[in-house]
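Subject: Structure handover

Hello,

Here is the structure you will be working with. Please keep it open while you read the notes below.

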Amino acid sequence: MPIPDFMKANFETLLRAAAAGDLALVQGTDARTGETRFILCAIAQCGGEVVLTPFGHLADGNPYELYDPPFDPGGG
């Protein structure tokens with residue numbers, strides 16, 4: 001399955017934010033479960049206000065146990 005264009009665009013935005021030092025890890029609440037999450041966000045200024053754009057949350061526990069191939073933690 002090819003990666004959708006909007007996902008590629010979001011990833012490019014994430015890379016630009018990282019290169020500029022405009023990333024933050026913030027604590028928030030999962031809107032569906034109510035659980036505490038640590039969320040990776042891009043930071044921007046808009047009209048004098050700080051805007052956080054969430055990209056996803058960090059995995060709880062061992063992230064290698066959460067995904068099946070094609071993700072290959074061994075690199076091969």
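A residue is buried under 20% relative accessible area, exposed over 50%, and partly exposed in between (1.4 Å probe, protein chains only). By that rule, Ala31 is exposed, because its relative accessibility is 83%. Ala31 sits in the loop between strand 1 (23–29) and strand 2. Strands (E, at least two residues) and helices (H or I, at least four) are DSSP runs, numbered from the N terminus.

Two notes on the source. This is a predicted model, where local features need pLDDT of at least 70 and side-chain atom pairs count only at pLDDT 80 or more, while totals for chains, interfaces and linings use all residues. Residues are numbered from 1 along each chain as its sequence is written, and side-chain values use heavy atoms, with hydrogens and water left out.

Salt bridges

A salt bridge is a side-chain nitrogen of Lys or Arg within 4 Å of a carboxyl oxygen of Asp or Glu. How many salt bridges does a search of the whole structure find? It finds 3. Asp30, Glu35, Arg37 and Asp60 are linked in a network.

- Asp30 meets Arg37 at 3.3 Å, N to O. Both residues are buried.
- Glu35 pairs with Arg37, with the closest N and O atoms 3.6 Å apart. Glu35 is partly exposed, because its relative accessible area is 39%.
- Asp60 meets Arg37 at 3.1 Å, N to O. This pair links distant parts of the chain: Asp60 is in the segment after strand 3 (49–57), Arg37 is in strand 2, and they are 23 residues apart.

Why does Arg37 count as buried? Its relative accessibility is 14%.

The second largest pocket

A pocket is an open set of points on a 1 Å grid over the protein atoms alone, with protein on both sides within 12 Å along at least five of seven lines; lining residues have an atom within 4 Å of a point. The residues lining the second largest pocket are Met1, Pro2, Ile3, Pro4, Met7, Lys8 and Phe11. By class, that lining has 6 nonpolar residues, no polar ones and 1 charged. Ala, Val, Leu, Ile, Met, Phe, Trp, Tyr, Cys and Pro count as nonpolar, Asp, Glu, Lys and Arg as charged, and the others, Gly among them, as polar.

Ile3 lies in the segment before helix 1 (5–20). Ile3 is exposed, because its relative accessible area is 55%.

Two distances

Gln45 and Met7 are 38 residues apart in sequence and 23 Å apart in space, C-alpha to C-alpha. Ala31 and Cys46 are 15 residues apart in sequence and 25 Å apart in space, C-alpha to C-alpha.

Best wishes

Notes: 1 Å grid on protein atoms, 1.4 Å probe; cavity = no way out; pocket = protein on both sides within 12 Å on 5 of 7 lines; lining within 4 Å.
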